[in-house]
Amino acid sequence: MNKIYIAILIIVANTVYGQNKSTEKADQLFESYQYVDAIKEYQKLVDGGSSDGYVFKQIADAYYNMFNTTE
């Protein structure tokens, strides 16, 4: 049972600390509902090759919040 609690704790910790210095500006824009500008900042990270699953999730969520499900 303890292994399950540890696994859940690790998953939650990774989710909470998924943000880093490179996504800080884009995250601030995302949190202030400036999705178009946030997408531009996240896209810079993708183009620069320093993206991960968190960045792609944020891009998808931003498009979803703008009701643009085709992107």
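Modeller: Happy to. Buried means under 20% relative accessible area, exposed over 50%, and partly exposed in between (1.4 Å probe, protein chains only). This is a predicted model, in which local features need pLDDT of at least 70 and side-chain atom pairs count only at pLDDT 80 or more, while totals for chains, interfaces and linings use all residues. Residues are numbered from 1 along each chain as its sequence is written, and side-chain values use heavy atoms, with hydrogens and water left out.

Colleague: Is tyrosine 35 buried or exposed?
Modeller: The relative accessible area of tyrosine 35 is 13%. Buried means under 20%, so tyrosine 35 is buried.

Colleague: How many aromatic pairs does the structure hold?
Modeller: Rings of Phe, Tyr and Trp (its six-membered ring) pair if their centres lie within 6.5 Å; planes under 30 degrees apart count as stacked, over 60 as edge-to-face and the rest as tilted. By that rule, the number of aromatic pairs in the structure is 2.

Colleague: What is the geometry of the phenylalanine 30 and tyrosine 35 rings?
Modeller: The ring centres of phenylalanine 30 and tyrosine 35 are 5.3 Å apart. Their planes stand at 70 degrees, so the pair is edge-to-face.

Colleague: And why is the pair of tyrosine 33 and tyrosine 35 edge-to-face?
Modeller: The centres of these two rings, tyrosine 33 and tyrosine 35, are 6.2 Å apart. The pair counts as edge-to-face because the planes are at 80 degrees.

Colleague: Which residues do the ring pairs link into a cluster?
Modeller: Tyrosine 33 is exposed, at 65% relative accessibility, whereas both phenylalanine 30 and tyrosine 35 are buried. The cluster linked by ring pairs consists of Phe30, Tyr33 and Tyr35.

Colleague: Now the charges: how many salt bridges does a search of the whole structure find?
Modeller: A salt bridge is a side-chain nitrogen of Lys or Arg within 4 Å of a carboxyl oxygen of Asp or Glu. Searching the whole structure gives a count of 4.

Colleague: How far apart are the closest N and O atoms of lysine 44 and glutamate 41?
Modeller: Glutamate 41 counts as buried at 17% relative accessibility, and lysine 44 is exposed at 52%. The two form a salt bridge, and their closest N and O atoms are separated by 3.2 Å.

Colleague: Which residues are linked in a network of salt bridges?
Modeller: Glutamate 41 forms a salt bridge with lysine 25, at 3.7 Å between the closest N and O atoms. Lysine 44 also forms one with glutamate 41. The network therefore links Lys25, Glu41 and Lys44.
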